[in-house]
Amino acid sequence: MKPIVLCGPTASGKTELALELARQINGIIVSADSRQVYTRLTAGTAKPEGTWKDGLYYVEGVPYLLVDFLEVTETFNAGAFRTRAQEIAQTYKDKPLIFAGGTGMYLHAYFVGMDELPPSTPQTRKQLTDLLARTGKEGLHQELARRDPSSAAAIPPGNVQRTMRALELCWLTGKPASSLKSGKFFQLPDPKKSAWVFLNWDKEALSKRIEQRTNAIFDPMCAEAKALLDEGYPSDVPALKSLGYPQAVQFLRGQLSRGEALEQISLLTRQYAKRQRTWFNRYTQAYRPTLTKAQDFQAPALAKEILSWTEGNTH
């Protein structure tokens, strides 16, 4: 059975549906979520509660891989995800795999491929950080424009992370970052090798789910952030840069009221969901069950619907 790829915006129900699919086909779930990789953070990352047994993380009895393994001070990226996913596919080649998550670049890297680019180095990251401190994001973008006009034209000046990475590639390779791209970014997955499903929520219905989840997770998210800060971790460790945690830290420090923090997290989450929807719209081959109200999301029925579709699309 080819892998099922269950994708969609944040708060769309991917985890619940993935677990139901896994139960129905005795499958294994591979998480494609850049934040659920962290230990110590559960509430704000929507990492499913589970237990470790014999080296595997189990959620409701289902093996749920690539979650809860990374220290809060470490980073993870699409290349690392692809390597780990390839190892999982080899280890469990006789088991149905369900990839579930909203980090589109991870899924694309594994199922389509990615450009082989040099990794970041501490030296170049320090140089970039120093340059940003001296010149601001406008100066950083101007330096990119000087070295690689094509990349600068494609990256908004306000997108500091993309600007820094493009500039870093220029420094590391001696070539414009734009010249290193193979075109894989724009290719689509082979429908013979994977079955993609996108949870197509109505915008207003999804916004309500996001608001409800934000209200439900805020207190435990603050508790998680406080525990790390109390142990001496700085507020800018990679894990605490996850969506919502900077606002939790600001609330804990009295820099935001509870209402302001909740409002900001909800807004940022809606904006993130919009970016996810834009990203996943490229996968035109995906099956897209439409969900317009809460009652439409019935995991057992949806799982059967998806499996029926995959059986009819075996080639």
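Analyst: Phenylalanine 111 touches Pro3, Val5, Phe99, Pro189, Ser194 and Trp196, leaving aside residues up to four places away in sequence. The model is a predicted one. Phenylalanine 111 sits in helix H3, residues 104-111. Its relative accessibility is 16%, so phenylalanine 111 counts as buried, the cut-off being under 20%. Contacts also reach across the sequence here. Phenylalanine 111 and aspartate 190 are 79 residues apart along the chain, yet their C-alpha atoms are separated by 7.9 Å.

What does methionine 221 touch? Its partners are Ala43, Gly44, Leu243, Gly244, Tyr245, Ala248 and Ile265, again not counting residues up to four places away in sequence. Tyr245 and Ala248 are also buried residues of helix H8, residues 245-252. Ile265 belongs to the contact of H7 with H9, on the H9 side. Methionine 221 belongs to that contact too, on the H7 side.

Now the helix pair itself. H7 spans residues 203-230 and H9 spans residues 258-280. Their axes come within 9 Å and cross at roughly 130°. H7 and H9 are therefore oblique to each other. Their crossing is right-handed. From H7, the contact takes in Leu206, Ser207, Ile210, Glu211, Thr214, Asn215, Phe218, Asp219 and Met221. From H9 come Arg258, Ala261, Leu262, Ile265, Ser266, Thr269, Arg270, Ala273 and Arg277. By class, that is eight nonpolar, five polar and five charged residues. An α-helix has 3.6 residues a turn, so residues three or four places apart point the same way.

H8 joins the picture. Its buried residues are Tyr245, Gln247, Ala248 and Val249. These pack against H7 and H9. After H8 comes glycine 254, with a positive phi near 75°.

How do H8 and H9 pack? Their angle is about 175°, with the axes 9 Å apart. H8 is therefore roughly antiparallel to H9. Gln247, Gln250 and Phe251 in H8 meet Arg258, Ala261, Gln264, Ile265 and Leu268 in H9. The contact of H8 with H9 divides into four nonpolar, three polar and one charged. Arg258, Ala261 and Ile265 meet H8 here, and they also meet H7 in the other contact.

For contrast, take glutamine 24. It lies in helix H1, residues 14-25. Is glutamine 24 buried, exposed or partly exposed? With a relative accessible area of 31%, glutamine 24 is partly exposed. Pro300, Ala303, Lys304 and Leu307 are what glutamine 24 touches, residues up to four places away in sequence not counted. Glutamine 24 and isoleucine 265 are 241 residues apart along the chain, and their C-alpha atoms are separated by 35 Å.

Technical notes:
Residues are numbered from 1 along each chain as its sequence is written. This is a predicted model: local features need pLDDT of at least 70, side-chain atom pairs count only at pLDDT 80 or more; totals for chains, interfaces and linings use all residues. Side-chain values use heavy atoms; hydrogens and water are left out. Axes are lines fitted to C-alpha atoms, for helices over the stretch in contact, and angles run from 0 to 180 degrees between N-to-C directions. Helices (H or I, at least four residues) and strands (E, at least two) are DSSP runs, numbered from the N terminus. Angles under 35 degrees count as roughly parallel, over 145 as roughly antiparallel, 65 to 115 as roughly perpendicular and the rest as oblique. A crossing is left-handed if the near helix is turned anticlockwise from the far one by less than a right angle, and right-handed if clockwise. Contact means heavy atoms within 4.5 Å. Ala, Val, Leu, Ile, Met, Phe, Trp, Tyr, Cys and Pro count as nonpolar, Asp, Glu, Lys and Arg as charged, and the others, Gly among them, as polar. Buried means under 20% relative accessible area, exposed over 50%, partly exposed in between (1.4 Å probe, protein chains only).
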